[in-house]
Every structure is written in C-alpha cells, then in structure tokens.
Amino acid sequence: MNEPSCNNLPEPLVTRFAPSPTGALHVGGARTALYNWALARQRGGRFILRIEDTDVRRSTPEATLGILRDLAWLGIDWDEGPSLESADPLDAAGQRGERGPYFQSQRQMRYREYLQQLIDAGRAYKCFKTPAELDADRKRARAEGQPEKDDATESLNLSPEQISRYQAEGRPYVYRFRMPDTDITVHDLVLGEVTIRAEELEDFVIFKSSDAGGGPTFHFANVIDDAAMGVTLTLRAQEHLMNTPRHAALFDALGLDRPAWAHVPLIFNPDGSKMSKRDKAKAVRTAAKKWLEADSANSTAALAAQIGLPTARIEAFVRGESDDLELATALGESLGVKVPEIDVADFRANGYLPEVLCNYLALLGWNPGGDVERFDRAFLAEKFSIERIGRSSARFDRDKLFRFNADTIAAMPFEQYRDLLHAHFRMYRPEFLAKLEGDRFDLFARAYHPRSRTLDEPAELARYLFIEDDQLTYDAKAVTKVLHKNEGEGLKVLRELEQALTACESWMPESLEAAVSAFAKDHGLGMGKVAQPLRVALTGTTVSPGIGDTLALLGRERALVRLQRCQAQCAQAVG
RNA sequence: GACCCCUUCGUCUAGCCAGGUCCAGGACGUCAGGUUUUCAUCCUGAAAACACGGGUUCGAAUCCCGUAGGGGUCGCCA
C-alpha cells in the first residue's frame with residue numbers, strides 16, 4: 001500500500017449517495033451518505049441523491065420513499081434528487097436539480113447512447129454465453145487456481161453470420177465491455193494506490209439481456225451518471241473496491257474524467273459477521289425454533305393464529321426458505337424477542353435520536369483526533385476529513401450508541417424531551433398516547449425524562465400504567481420481599497397508608513411525595529419501607545418513578561383502587 | 001482457491017506519516033466501592049491492548065521484510 005494522497009480534494013466538490021431501493025436504509029449506507037454530505041457541506045460543494053434502480057425486479061417505491069425519509073430524519077439533506085416536498089418524489093417532476101432525472105430507470109435512453117459509442121469504438125460486444133456455461137467456466141478456473149475470468153475469445157470471434165443466426169433463434173445475449181489489456185491503478189484517497197493486473201480483470205457485462213430486463217448494469221449506469229451529474233468524488237463502501245478498476249476503465253473508454261475515489265471500511269456486527277438485514281430474520285428464526293422445541297404444544301399453527309399470517313408462510317420462514325421481514329417483525333413481537341436494529345428505521349422506532357445516530361455512525365470509521373467523541377452534524381461538516389478515515393472495518397457497538405443516546409436525552413431541556421417523546425409516541429405508541437390525555441402527558445414526561453435512555457423506553461417501563469387496574473399482576477418475588485417479609489410489615493404499612501392517602505387533599509407529585517415522606521417519618525420508618533410496598537401495590541413491581549410521580553400518574557381513584565386490590569390479592573397466607 | 005484491503009485494551013479508537021516526552025491516552029462495556037425511596041442517574045477507583053517473528057537504529061506501537069489472523073471481491077445485485 002502506498003501513502004494515501006489526500007488533502008487535494010477535487011474542486012468543485014460534488015459528492016453523491018446512490019442507494020439501490022431494494023430495502024430500508026442500512027446504517028452502513030447512512031454512514032456513507034453522512035460522509036458524502038459532510039464533505040460537500042464543508043467545501044461548499046453539491047451533494048446529490050441518486051436512486052440506482054437498475055434492477056427493476058428488486059426495486060420498490062416503498063423502499064425509495066423509506067430511504068428518502070430516513071435520510072431526511074437523520075438531517076442529511078441533499079441538493080439534487082427526488083424531493084420529499086413534492087407531491088410525488090418518485091415522479092420526474094418531483095425532483096430538484098438540473099442534471100436529473102435522478103432515478104436510473106428514468107435515464108434509459110442515455111445509457112443506450114453510450115453503449116452505441118462503445119460498440120462503435122469496438123469496446124463493447126455481444127456475448128451469447130448462457131449462465132450455465134459461465135458457471136461451468138468459473139468453476140473450472142477456480143479448480144485450476146486461476147482467476148475466475150471469462151475468456152472473451154469465443155464471443156469476440158463470433159462471425160457476423162453466427163451472431164445473426166443466434167439472434168434469429170432468439171438466443172438472449174448481453175453486452176460486455178472490452179477491458180484494456182493493461183494493469184489498472186486506482187488512486188484511492190483512503191487506501192492509497194491500488195493496482196490490479198490486467199489478467200485479473202474480465203470483460204464484464206454492461207448491458208443485461210432482454211430476459212433480465214435489458215437495461216444497463218450497475219457498473220455502466222453508475223459511471224455514466226456520475227459523469228453526467230458532474231460527480232467529482234465517489235466515496236463508498238469498501239465492498240466496491242474491486243469494482244473500481246472496471247469503472248476506471250469505463251470512464252477512460254468513454255472519454256470521461258475519472259472522479260476521485262475513497263473507499264470506507266465496512267461495519268460489522270459485534271460478533272464480527274457482516275451486518276446485514278438478514279440478521280433480523282436470523283434472530284427471529286432462532287427464537288422461533290427454540291420456542292417450537294420447548295414445548296410440544298407449541299406449533300407453527302399456534303403462531304399463525306397469534307399473528308394472523310398463514311401457517312405455510314411461517315413454516316417456510318422457520319425452515320429458512322425466506323427472510324420475510326414483515327413476518328419476522330410480527331413473529332419477533334409475538335415471541336418477545338428483540339430483533340436487532342440494522343436499519344436506520346429500526347433505531348428510529350426504538351427511540352434513538354437522529355443526531356446521536358449520526359454522531360455514533362460518524363465515529364465508526366472516523367474521528368476528529370484527540371479525545372473528542374461527542375459532536376453534532378455542524379461539527380462533522382466542519383471537521384470531517386478523508387485523511388482521518390480509518391482503514392480497518394469496525395464493529396457496531398450498541399452499548400456505546402445507547403449510552404450516547406441516554407446522555408443526550410438526559411442533557412436536553414425538559415420541554416424538548418417532552419416534545420420529542422410526544423412525537424415518538426404519536427408515531428410508534430399511539431395506543432399509549434391515547435391514555436395520556438391533557439396535562440397527564442406532561443406529568444408522564446416529567447416522571448420519565450430522568451429514566452429515559454431512549455424515547456421508547458418509557459413505553460416499556462410504564463406498562464403498569466397502561467393496563468386496567470384489575471389486570472395488574474404482582475411479581476411474586478416483590479410480594480414476598482416487600483409485603484410478606486417480617487410478618488407482613490409491608491401489608492401493614494399499606495393498610496395505614498391507605499387511610500393517610502385517602503385523606504390527601506392534593507393529588508400532585510410534590511404533595512404526595514411529601515405525604516408519603518411524612519408518613520414514613522411519623523411511623524419511624526425509612527422511606528424504603530414505605531415507598532416499596534406502595535410501589536408493589538401500584539405497579540406490581542419494585543420499579544417505577546419517584547413514588548409521588550407514580551401516585552400522581554395513576555390518579556387518585558386508580559391509585560386507591562390498586563391499594564385496596566393489592567391488600568386483597570396479596571394477603572399473606574396464614575400459617 | 002485467486003486477487004485486493006486490514007491488524008493498539010472485550011469494542012470504537014488517540015498516538016504512527018515527521019522513531020525517544022507511551023512501563024501507551026480517551027470512550028463504551030466490565031469489576032469494586034459510595035450517594036439515592038425502587039429504577040434510572042451521579043461520584044470514586046480498578047482490571048484491560050501495541051498479532052507474531054526478524055531487521056534498521058543508541059532507541060520502534062511508530063520505519064522495512066516475512067508469518068499468522070481477519071475482512072472484501074470473484075453475479076445479466078448494487
């Protein structure tokens with residue numbers, strides 16, 4: 001490896017993020033977008049969002065929209081591309097920028113022109129080889145320890161007569177690009193100089209056969225669009241490194257200027273495996289199998305009934321024949337397994353803050369030097385530099401992201417937290433929000449702000465609040481320890497407390513807190529001896545916000561009902 | 001297997017390019033104490049790494065070579 005030749009970024013700087021809309025925005029993709037965005041912002045350049053939907057069979061409008069929304073949510077704005085403000089961002093009319101359209105599916109004619117240019121120059125040719133033939137060739141090459149490279153001789157030597165005969169027979173064919181027979185060196189801003197020898201590079205497909213959709217391949221469309229849109233720096237994941245010599249050759253053959261390249265390391269799971277959307281399905285599948293084996297009464301039919309999806313679909317999923325995400329999500333919820341967060345949308349749904357995700361993601365592969373770790377987008381746009389991008393892959397540490405998120409929430413003003421929590425609940429917990437009308441929500445937010453490490457955590461922590469009084473169950477350990485121990489001293493406290501609380505005129509957190517505190521003092525008890533039994537009576541567990549807050553949240557009526565009910569249900573068995 | 005990239009605490013990393021100030025610093029996690037009505041916090045402290053082997057040098061985490069290990073690519077996916 002040679003020294004990366006940095007510090008000489010192209011001018012003007014035009015970067016882009018070019019996702020393929022075949023699924024949700026992955027955190028790795030988000031980081032790539034963030035780096036491109038930061039660079040463009042820093043240098044007063046342009047940042048383009050282009051949708052690479054050359055694979056018509058796998059691209060979906062939902063995925064496109066999802067990616068757009070996730071980027072916007074992260075605070076990554078783009079200068080050109082589909083516009084979320086428009087009536088229909090998917091339509092050519094709903095895009096901003098002068099070099100559109102920004103969907104490759106809407107740029108088909110351009111690719112044909114360039115294809116013709118290559119054909120005329122003798123740099124593109126038809127290849128009639130079938131996938132099976134190709135596969136056999138590759139297997140053979142591998143067995144011989146040779147590079148898996150398609151031998152172009154056969155296709156190149158096809159006579160015009162043979163070609164017309166094949167076409168008359170309706171045999172599908174592709175166009176391949178004739179690679180130069182020289183070594184190709186790429187100057188990468190992160191990795192330095194990378195050279196691939198000519199014999200390692202095969203003539204790759206640039207135009208698909210009609211039975212595969214017939215359009216340009218990623219390589220071809222990508223190169224042409226980068227040039228057409230004036231992209232001067234291509235920063236992307238390192239999995240593209242081996243594509244770069246091909247792209248370089250394509251730029252050269254087309255007479256287009258090569259952009260600068262920068263390949264960033266990949267992001268992995270904590271166990272070192274590649275972080276992929278499939279991990280979600282995998283986690284659920286493992287849990288499902290375990291559940292099915294745990295009890296002979298457990299069956300896929302039972303699961304199907306629970307989540308309302310066909311048994312056959314579940315069986316196929318469990319057997320690993322599909323990674324159906326919709327099903328995985330439903331199944332995960334029903335089985336109570338935590339589906340790992342992989343996509344930006346997962347982190348959003350689980351209550352992570354966009355600026356925190358950006359901060360953490362930026363740090364995964366880059367750092368400003370010294371001991372600085374916490375920063376916002378503006379800082380990133382100011383300080384980001386390619387020189388400081390790491391060269392080795394990183395593992396995604398959820399604990400650290402979690403702590404960043406917790407600290408950020410803790411540090412924010414209450415009003416901000418309340419508004420964010422409200423927005424989160426409106427979107428992801430509407431059933432809970434419905435039970436927190438009026439100033440009750442304020443009370444709730446105030447009680448949970450200090451113990452909210454994600455915006456979603458309060459929903460989990462306050463389950464006791466959202467269920468009916470007569471549905472409350474009591475944690476057995478808590479009952480034994482807090483109510484029954486020492487000859488039922490907890491129950492005794494409850495009895496006396498009931499009277500004291502009934503007499504309470506004001507049902508506000510502060511006055512309730514004071515009342516309980518006064519009660520403890522009067523009875524010569526520590527606060528714990530009083531608050532804990534009360535907590536168990538109110539929530540069924542030993543965990544809740546401050547006791548004043550907990551009482552206030554429940555409201556006078558419900559709190560007193562629960563107090564009575566607990567005494568009735570948890571009365572110590574005599575003997 | 002072929003080609004390409006990478007290698008500092010469990011994890012993310014600073015330090016490396018301009019060798020000594022590094023018996024290696026920070027963060028998350030872990031462990032031990034302490035504060036607190038539970039939880040969540042908060043405070044104090046601790047354990048924890050230069051992959052290995054050669055070389056260059058007065059001196060190497062830092063430079064060179066090799067080995068091992070990890071990863072990526074090898075699709076009419078992107």
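What is the volume of the largest pocket? About 1800 Å³, and we will get there in a few stops.

**Before you start**

This is a predicted model, in which local features need pLDDT of at least 70, side-chain atom pairs count only at pLDDT 80 or more, and totals for chains, interfaces and linings use all residues. Residues are numbered from 1 along each chain as its sequence is written, chains are lettered from A and ligands numbered from 1 in the order in which they are written, and side-chain values use heavy atoms, with hydrogens and water left out.

**Stop 1: the whole chain**

Select chain A and colour by pLDDT, the predictor's confidence in each residue, from 0 to 100. The average for chain A is 91, and 98% of the residues score at least 70. Residues 1–6, however, have a pLDDT below 50, although this stretch makes 16 contacts in the model beyond near neighbours in sequence (contact means heavy atoms within 4.5 Å).

Now switch to a cartoon view: chain A has 26 helices and 13 strands. These are DSSP runs numbered from the N terminus, helices being H or I with at least four residues and strands E with at least two. Chain A is more spread out than a compact globule, because its radius of gyration is 31 Å, well over the 25 Å that the globule rule gives for 575 residues. (The radius is taken over C-alpha atoms, and the rule is 2.2 Å times the number of residues to the power 0.38.) Along the principal axes, the C-alpha atoms fill a box of roughly 100 × 55 × 45 Å.

**Stop 2**

**Stop 3: the largest pocket**

Select Thr329, Val339, Asp346, Ala349 and Asn350, which lie nearest the centre of the largest pocket among its 42 lining residues. Elements giving two or more residues to this lining include helix 9 (278–294), helix 12 (325–335) and helix 17 (414–428). Domain 2 and domain 3 each supply at least three lining residues. By class, the lining has 14 nonpolar, seven polar and 21 charged residues.

How is a pocket found? On a 1 Å grid over the protein atoms alone, it is an open set of points where a 1.4 Å probe fits, with protein on both sides within 12 Å along at least five of seven lines; lining residues have an atom within 4 Å of a point. Points are joined across faces, edges and corners, and the volume is the space filled by probe spheres set on them. For the classes, Ala, Val, Leu, Ile, Met, Phe, Trp, Tyr, Cys and Pro are nonpolar, Asp, Glu, Lys and Arg charged, and the others, Gly among them, polar.

**Stop 4: the second largest pocket**

Next, select Pro19, Ser20, Glu239, His240 and Lys277, the residues nearest the centre of the second largest pocket, which has 35 lining residues. Its volume is about 1200 Å³. Helix 1 gives the largest share of the lining, four residues.

**Stop 5: backbone details**

Most residues other than glycine have a negative phi, and most peptide bonds are trans. Find Pro12, in the segment before strand 1: the bond from Glu11 to Pro12 is cis, with omega near -5°. Gly100 and Pro101 are also joined by a cis peptide bond, with omega about 0°. Finish at Asn486 in helix 22 (residues 476–502), where phi is near 55°, a positive value.

Methods: Domains from an automatic or database assignment.
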